[in-house]
Amino acid sequence: MDQKFVYHTLHRTNAPRARVASAKLAVSEYLAYVTMLSAAVVIAIITFAYAANLTVHWLAHVNGPGFFSSEAQPVSNTDVKPFAPSKVAMISAH
């Protein structure tokens with residue numbers, strides 16, 4: 001199989017194979033990377049918030065208007081009176 005390689009006229013053949021990256025280039029690439037990740041995180045947060053909002057509205061529509069309302073429930077019986085212990089465990093009473 002005959003392969004022919006075509007090089008661009010601006011391609012330098014005498015350039016070294018490995019170059020040291022400048023600090024400016026490294027910082028600009030790092031900032032571009034962080035910006036892309038930040039944008040992806042913001043898009044993900046907006047998407048999940050929108051999906052949660054749709055889910056809540058859908059559940060409220062399916063289960064009726066009072067599904068997400070809360071009512072005060074009594075925690076304990078009113079006959080039970082709170083008391084203070086006369087002695088705390090593992091502490092000597094002097």
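These questions and answers take up a predicted model and the reasons behind its labels.

Q: Why is Tyr 33 called exposed?
A: Its relative accessible area is 52%. Exposed means over 50%. Tyr 33 therefore counts as exposed. The residue lies in helix H1, residues 23-63.

Q: What makes Thr 55 partly exposed?
A: Thr 55 has 40% relative accessibility. Buried means under 20% and exposed means over 50%, with partly exposed in between. So Thr 55 falls in the middle class. Thr 55 also lies in helix H1.

Q: How do you know that the side chain of Thr 55 reaches the backbone oxygen of Ala 51?
A: The distance is 2.7 Å. A polar contact needs a pair of N or O atoms within 3.5 Å. The pair therefore meets the distance cut-off.

Q: What makes the span of H1 close to the one expected?
A: H1 has 41 residues and reaches 59 Å from its first C-alpha to its last. Just after H1, Gly 64 takes a positive phi of about 105°.

Q: Which residues form the nonpolar patch on the surface?
A: Val 27, Tyr 30, Leu 31, Tyr 33, Val 34 and Leu 37. Together they have about 600 Å² of accessible area.

Q: How many of the residues of the protein count as buried?
A: Of 94 residues, 1%. Buried means under 20% relative accessible area. The protein exposes about 9,900 Å², and carbon and sulfur atoms supply 66% of that. Its secondary structure comes to 1 helix and 0 strands.

Notes:
Residues are numbered from 1 along each chain as its sequence is written. This is a predicted model: local features need pLDDT of at least 70, side-chain atom pairs count only at pLDDT 80 or more; totals for chains, interfaces and linings use all residues. Side-chain values use heavy atoms; hydrogens and water are left out. Patches are made of residues with over 30% relative accessible area and no salt bridge: like charges are joined within 9 Å, nonpolar side chains (Val, Leu, Ile, Met, Phe, Trp, Tyr) within 5 Å. Accessible areas come from the Shrake-Rupley method with a 1.4 Å probe; for residues, only the protein chains shown count as cover. A salt bridge is a side-chain nitrogen of Lys or Arg within 4 Å of a carboxyl oxygen of Asp or Glu. Helices (H or I, at least four residues) and strands (E, at least two) are DSSP runs, numbered from the N terminus. Buried means under 20% relative accessible area, exposed over 50%, partly exposed in between (1.4 Å probe, protein chains only). The expected span of a helix is 1.5 Å times one less than its number of residues. A polar contact is a pair of N or O atoms within 3.5 Å; within protein, one must be able to donate a hydrogen and the other to accept it, and residues adjacent in sequence count only if both atoms are side-chain atoms.
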